[in-house]
Amino acid sequence: MRITDLSLPDIKRVTLTVHGDARGSFIETFREADWAPLLNGAHFVQDNQTRSAAPGTVRGLHYQLPPFDQAKLVQVVSGRILDVAVDVRRGSPTFGRHVALELGDDGTQVFVPAGFAHGLMTLAPNTIVAYKVTGYYDQASERGIAWDDPDLGLDWPKLAPILSPRDQTWPRLKDQGDLF
């Protein structure tokens with residue numbers, strides 16, 4: 001496993017070792033001891049998985065307020081996505097900046113710490129995304145930012161976006177009251 005910083009150093013690209021032979025491949029996707037230094041005492045408590053039928057499916061940009069905030073470890077099981085993380089920590093020197101990274105099923109993951117809104121757009125049909133979180137879902141602390149907030153400067157793929165009714169209603173970052 002190799003962990004590298006992205007343009008926002010809190011966001012990490014994780015390149016896993018892929019072992020292959022004539023049968024296919026094997027990837028060890030998580031080993032707790034490897035993650036302990038990055039998690040600063042937190043632990044992954046839940047695994048989630050989504051399946052999106054159509055390319056252009058948008059999920060996000062979501063986050064939860066403390067004490068229910070969540071770090072995430074995201075990977076694509078099948079298909080391809082554009083994965084996005086936006087810094088929503090008001091005192092951060094990178095507040096409002098983002099990282100966008102294409103992920104496929106090639107053994108690459110992205111680590112998104114608490115304090116970032118997270119979202120994705122699928123780039124292939126029947127995309128399956130799996131992610132670990134360090135906090136349980138708490139509806140009362142859930143927040144979101146408009147996926148197409150022009151102030152964020154996100155360069156989404158030119159696909160017809162498919163959003164849940166909830167994801168269509170999130171405010172822009174500048175209108176968001178509850179942040180970190």
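Me: How do the residues of the lining of the largest cavity divide into nonpolar, polar and charged?
Reply: Rolling a probe the size of a water molecule over the atoms shows where empty space is left. In this predicted model, the lining of the largest cavity has five nonpolar, five polar and two charged residues. Among the residues that line this cavity are His-62, Tyr-63, Gln-64, Asp-69, Lys-72 and Phe-180.

Me: How much space lies in the largest cavity, and which element gives the largest share of its lining?
Reply: The largest cavity holds about 60 Å³ of space. Strand β6 supplies the largest share of the lining, three residues. The elements that contribute two or more residues are β6 (58-64) and β11 (116-122). A search of the whole structure for cavities of 30 Å³ or more finds one.

Me: Turning to open sites, which residues lie nearest the centre of the largest pocket?
Reply: Of the 24 residues lining the largest pocket, Arg-59, His-62, Lys-72, Tyr-131 and Arg-166 lie nearest its centre. About 410 Å³ of space lies in this pocket. Strand β6 gives the most to its lining, with six residues. By class, the lining comprises eight nonpolar, 11 polar and five charged residues.

Me: What is the volume of the second largest pocket, and how is its lining divided by class?
Reply: The second largest pocket has a volume of about 170 Å³. Its lining divides into seven nonpolar residues, two polar and one charged. Leu-38, Leu-39, Phe-111 and Pro-113 are among the lining residues, as is Asp-69.

Note on methods
Residues are numbered from 1 along each chain as its sequence is written. This is a predicted model: local features need pLDDT of at least 70, side-chain atom pairs count only at pLDDT 80 or more; totals for chains, interfaces and linings use all residues. Side-chain values use heavy atoms; hydrogens and water are left out. On a 1 Å grid over the protein atoms alone, a cavity is a set of points where a 1.4 Å probe fits but cannot get out, and a pocket is an open set with protein on both sides within 12 Å along at least five of seven lines; lining residues have an atom within 4 Å of a point. Grid points are joined across faces, edges and corners, and a volume is the space filled by probe spheres set on the points. Helices (H or I, at least four residues) and strands (E, at least two) are DSSP runs, numbered from the N terminus. Ala, Val, Leu, Ile, Met, Phe, Trp, Tyr, Cys and Pro count as nonpolar, Asp, Glu, Lys and Arg as charged, and the others, Gly among them, as polar.
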